[in-house]
Amino acid sequence: MNVLAIESSCDETAAAVVVDGRVMRSNAVASQIDLHARYGGVVPEVASRQHLRNVGPIVSQALEEAGCTLDDIDAVAGTRGPGLAGSLLVGYNAAKAIAFGRELPFIGINHLEGHIYANWLIEGPEPRFPALCLVVSGGHTDLVFMEGHGQYQRLGGTRDDAAGEAFDKVGRLLGLPFPGGPHVAKAALRGGPGKLALPRAWMHGTFDFSFSGLKTASLHAIRSEKYAPDDVAWEFQEAVVDVLSGKTSRLARELGAAEVLVAGGVAANQRLREELHRRCPVPVRIPPPKLCTDNAAMIGAVAGHRLAMGQRSPLDEDIFTTNQWARV
Ligand code: KG4
Ligand code: ZN
């Protein structure tokens, strides 16, 4: 089954053609990073207007790169939420319009579930259940137990900033371009250990996270001008990676998970990838960086599985904007 998927939850307009939820025929992404960089963050109104400009061309590009036309498409999927309302509405309604116009089945997909399913796009054997999923993106940091397709139990998450948000804010404090994550990681390569100590919030007795204290401590370290910015970047990254990999590996052991699935933009972080592989007691699966950040192939991957189970969404279904694992 060829699914055309559209994703527009934040600042990437993306479209992809995915076969049976497993094989990518195309994965086109129009990034708005340059547009938002001058503001130091995503401006929702600017994002939705740009999605409107991009959505038609990106769908054409995805079809062309897949070597097919709408005649070859069997179903259409769109990201339903969570995300920015104005952004979501553009891609979601474009997907609905194509489904309506072509009389094709339509399905709305949870963006966070999409990040997890990027792991189904990796060639080779499928992920095994039960899986522990670490979702680390710009908006979310969740530990989710997945016992089967569509079966999620959220066991922990951030109580304040998401991991990616913390990277972006510290990047900004260090005077690095937006989004900060990859730039902080690059600066950390030039920095080193032993210069300063930043706090790790272990939130004992829970599998929750908190990154706001680390962010404030980083601010004070930068303002003190006692440390090289690259060393602050190094220690900040180590603190985030230490807590994420420490909690994930412990929970995987406690739950007897068959695998750990990592997802979301921060999963592109090389140090996080290394530490998760080193510390987890079970195999760790992490998509290649291009499938970690926002894309539509991951949405097509969920859609393929859900459509195969007979699920469809009504064309009058609304978007949603907040983190809801119950709503997948
Ligand atoms: O999943 P994503 O593309 O969008 C959301 O759904 O939020 O994640 C974007 C986040 C940003 O905060 C970005 O700074 C972060 O992922 N990120 C990274 C890296 N690459 C992207 N953070 C740390 N290291 C990276 N290499
Ligand atoms: Zn995302």
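**The surroundings of ligand 1**

Tutor: A polar side-chain atom of His 111 is placed 3.2 Å from an oxygen atom of ligand 1. The model is a predicted one, and every distance here is computed from it. Backbone atoms also take part: an N or O atom of the Gly 138 backbone lies 2.8 Å from a ligand oxygen, and for Asp 294 a backbone N or O atom lies 3.0 Å from an oxygen of ligand 1. Considered alone, ligand 1 exposes 560 Å², of which the protein buries 87%. The elements that contribute two or more residues to the shell are α4 (111-117), α5 and α6. The largest share, 3 residues, is that of α5.

The shell comprises 18 residues, and those that come nearest to ligand 1 are Gly 138, Asp 168, Gly 265, Asn 269 and Asp 294. Sorted by class, the shell holds 11 polar, 5 nonpolar and 2 charged residues.

From the ligand one may turn to the nonpolar interior. In soluble globular proteins, nonpolar side chains tend to be buried together. In this model the largest nonpolar core has 42 residues, and those with the most contacts inside it are Val 136, Phe 211, Phe 236, Val 240, Leu 244, Val 260 and Val 262. Two or more residues of this core come from each of β6 (131-136), α5 (163-173), α6 (180-190), α7 (212-224), α8 (229-255), β9 (259-263) and α9 (270-279). Helix α8 gives the most, with 10 residues.

A separate, second core has 33 residues, among them Ile 109, Leu 121, Tyr 152 and Trp 325.

Beyond four places in sequence, Val 262 touches Asn 119, Leu 134, Val 136, Ala 267, Leu 276, Val 284, Arg 285, Ile 286 and Pro 287. One of these partners, Val 136, is itself listed with Val 262 among the residues with the most contacts inside the core.

His 51 counts as buried because its relative accessibility is 0%. Apart from neighbours within four places in sequence, His 51 is in contact with Ser 8, Cys 10, Asp 11, Glu 12, Thr 13, Gln 32, Ser 87 and Val 90.

Finally, several points of backbone geometry deserve attention. Most residues other than glycine have a negative phi, and most peptide bonds are trans. The bond from Gly 81 to Pro 82, however, is cis, with omega near -5 degrees, and Pro 82 sits in the loop between β4 (75-81) and α3 (85-102). Phe 129 and Pro 130 are likewise joined by a cis peptide bond, with omega about -5 degrees; Pro 130 belongs to the loop between α4 and β6.

Asp 20, a residue other than glycine, has a positive phi near 50 degrees and is placed in the loop between β2 (12-19) and β3 (23-31). Because its relative accessibility is 48%, Asp 20 counts as partly exposed. Met 203, also not a glycine, has a positive phi of about 45 degrees and lies in the loop between α6 and α7. With 22% relative accessibility, Met 203 counts as partly exposed.

How values were computed
Residues are numbered from 1 along each chain as its sequence is written. Chains are lettered from A and ligands numbered from 1 in the order in which they are written. This is a predicted model: local features need pLDDT of at least 70, side-chain atom pairs count only at pLDDT 80 or more; totals for chains, interfaces and linings use all residues. Side-chain values use heavy atoms; hydrogens and water are left out. A nonpolar core is a set of buried Ala, Val, Leu, Ile, Met, Phe, Trp, Tyr and Cys residues joined through side-chain atoms within 4.5 Å. Buried means under 20% relative accessible area, exposed over 50%, partly exposed in between (1.4 Å probe, protein chains only). Helices (H or I, at least four residues) and strands (E, at least two) are DSSP runs, numbered from the N terminus. Contact means heavy atoms within 4.5 Å. A residue is near a molecule or strand if one of its heavy atoms lies within 4 Å of it. A polar contact is a pair of N or O atoms within 3.5 Å; within protein, one must be able to donate a hydrogen and the other to accept it, and residues adjacent in sequence count only if both atoms are side-chain atoms. Accessible areas come from the Shrake-Rupley method with a 1.4 Å probe; for residues, only the protein chains shown count as cover. Ala, Val, Leu, Ile, Met, Phe, Trp, Tyr, Cys and Pro count as nonpolar, Asp, Glu, Lys and Arg as charged, and the others, Gly among them, as polar.
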